[in-house]
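This report examines selected local features of one protein model. Please consult the sequence and the structure shown below while reading.

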Amino acid sequence: MGERGQYIAILDIGTTGTRSIIYDLEARTIGTSYTEYPTKADVPQQSEQDPKDWWRTSGETMREAIRRSRINPKDIVGLGVCTQRAAICPVDKNGEVLHPALTWMDARESPSFKAVKGKIGQKYSIQKIYWIKDNYPEIFEKTHKFVSTDSYIYFKLTGIYGSDYSNSIYGILDPENLKWSDEMAQEFGIPVDKWPDLYQAGTTIGEITKEAANHTGLVAGTPVVVGGGDQQCASVGVGAIKKGIAKATTGTGTFVDANLEKPIYDPLGILFTLPHVLKDRWVLEGVLPGTGAILKWFRDEFCHQEKTLAQNMGIDPYAIIEDQAETVEPGSAGLFVIPLFMFARGEIVNLSFAHTRRHVARAIMEGTAYGMRGMIDLMAGMGVNIEELRIDGGGARAPLWRQIQADIVGKKVVVPQLAESTSVGAAILTSCGTGCYSGIEAAVDSMIKILETREPNPKNQKIYNEYHPKFMELLLSGFSKIQAAE
């Protein structure tokens, strides 16, 4: 059970739901609970969530995780938070929600935004605030703070509006000085005082209030340690904290993140430079949206037999789909799945009567890995060389998919034992912030165990080296069409 006072609680508030986890100091899961919440998408490009749902599920799941852990909440030394990024919500002086949160997936644009669109780059919160300002000017005026997911939760937990740099970069944050920019505030018409206070990840923002204690089952006075955005936390949670090691997550989309000691910028604007949750570090991030969601779509639309069989056998249908894909030769007999489904530009290229569903399944997995390699090649062109890839998410659970990633990327692929790397990253930050470990490296050494390491298969690599340029040509052509349509 561990010694008294040796547990960490984590709230992981993601795109689709909230997960609460109780860890011991070796990152073993002692208790966990997960609940989904709705996303409103009634009109094209809309994606809204009610922050009250974030808070409601935080209470429900934390109480349940504590119950399942069978520990005394007094033995929890600190609470950490990790969240979806780039959601924004206006609240009044009492913290009451004035309009539902616009999530990172909300792509609506308002008329006055078009004048500044070319200047915002990756600062997506500005686009969302313009939408609120143009459609509901009275709400903009009444707004006390524009809060991201993390700052709303910190307020509910401690009464303090705060956010770390990895979440704040989507607002008017100066990425070099890590301060709110007076120049941007003036240019975009969003005053600095409408943003929360800034905190370094891994520092204590405050303590659990009595109200929050009643809601969550935690003890009033428990320290709340600032975490960060999901991808930066996941980088720490897989142990990708040293130069030359990148993290690749395949969930709904694919994210590749590499450590930087100082910010550098992609002249093509394809890769993003973002603050890390590690002090004085940044990440260079590549994103391919919708990749993991394509395999789910394929499962639900074309694999009814596999789903029925899996249900009867008591196994995961993905395991059957993976077994079938494994019977197909690398390269899927020239079949490509171009993963631009989110933009209505997805393609299945070179389809013939010789291809089967098995080929399509494998080509979906290969498409994700080709995309990863494209991002890593771009990083190398900027002088950021990757020697090892640490993977997590759905793409890390399937042995075949792990090998495909090693073969296509041509790097050593390392798979950590723990599935919830985002929460583990937040637990590492919290364990350091509460003094349980002397620093990040010591915490990573103790808390992260490796499940397996995969090396590229030279024979497969040769095949993929031929196919990769063809895939990238199709992918970049698809992106060009999307930009032209805008």
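Val238 touches Lys247, Arg390, Ile391, Asp392, Pro416, Ser421 and Ile448, where residues up to four places away in sequence are not counted and contact means heavy atoms within 4.5 Å. The model is a predicted one, in which local features need pLDDT of at least 70 and side-chain atom pairs count only at pLDDT 80 or more, while totals for chains, interfaces and linings use all residues. Residues are numbered from 1 along each chain as its sequence is written, and side-chain values use heavy atoms, with hydrogens and water left out.

Val238 lies in the loop between α9 (230–237) and β15 (245–250); helices (H or I, at least four residues) and strands (E, at least two) are DSSP runs, numbered from the N terminus. With a relative accessible area of 1%, Val238 is buried. On this scale buried means under 20% relative accessible area, exposed over 50% and partly exposed in between, for a 1.4 Å probe and protein chains only. Val238 and Glu138 are separated by 100 residues in sequence and by 44 Å in space, C-alpha to C-alpha.

Ser332 is placed in the loop between α12 and β19. Is Ser332 buried or exposed? Ser332 counts as buried, because its relative accessibility is 0%. Its contacts, apart from residues up to four places away in sequence, are His355, His359, Arg362, Ala363 and Glu366. Of these, Arg362 is 30 residues from Ser332 in sequence and 6.4 Å from it in space, C-alpha to C-alpha.

Arg28 belongs to the loop between β2 (17–24) and β3. Its relative accessible area of 48% makes Arg28 partly exposed. Leaving aside neighbours within four places in sequence, Arg28 is in contact with Ile22 and Tyr23. Arg28 and Pro51 are 23 residues apart in sequence, and their C-alpha atoms are 29 Å apart in space.

**A helix contact**

Helix α12 (residues 317–326) and helix α15 (residues 399–409) have axes that come within 9 Å and cross at roughly 50°. Axes are lines fitted to C-alpha atoms, for helices over the stretch in contact, and angles run from 0 to 180 degrees between N-to-C directions. The two helices α12 and α15 are therefore oblique to each other; angles under 35 degrees count as roughly parallel, over 145 as roughly antiparallel, 65 to 115 as roughly perpendicular and the rest as oblique. Which residues meet here, in α12 and in α15? Glu322, Ala325 and Glu326 in α12 meet Pro399, Leu400 and Trp401 in α15. By class, this contact of α12 with α15 has 4 nonpolar, no polar and 2 charged residues. The classes take Ala, Val, Leu, Ile, Met, Phe, Trp, Tyr, Cys and Pro as nonpolar, Asp, Glu, Lys and Arg as charged, and the others, Gly among them, as polar.

**Aromatic rings**

How many aromatic pairs does a search of the whole structure find? The search finds 17 aromatic pairs. Rings of Phe, Tyr and Trp (its six-membered ring) pair if their centres lie within 6.5 Å; planes under 30 degrees apart count as stacked, over 60 as edge-to-face and the rest as tilted. Two of the pairs are listed here.

| Aromatic pair | Centre to centre | Between the planes | Geometry |
|---|---|---|---|
| Phe113 and Tyr130 | 5.9 Å | 65° | edge-to-face |
| Phe343 and Phe479 | 6.3 Å | 65° | edge-to-face |

Phe343 is partly exposed, with a relative accessible area of 33%, and Phe479 is partly exposed at 25%. Phe113 and Tyr130, by contrast, are buried.

Phe336, Tyr370, Tyr464, Tyr467 and Phe471 form one aromatic cluster.

Charged groups are also placed over rings. Arg108 lies over the face of Trp131, 3.9 Å from the ring centre, and the charged end of Lys194 sits over the ring of Phe140, 5.2 Å from its centre. A charge sits over a ring if NZ of Lys or CZ of Arg is within 6 Å of the ring centre and within 35 degrees of the ring normal.

**Backbone angles**

Most residues other than glycine have a negative phi. Gln45, which is not a glycine, has a positive phi of about 70°, and is found in the loop between β3 (29–36) and β4 (48–49). Arg70 likewise has a positive phi, near 60°. Arg70 is found in the loop between α1 (51–69) and β5 (76–83) and is exposed, with a relative accessible area of 73%.
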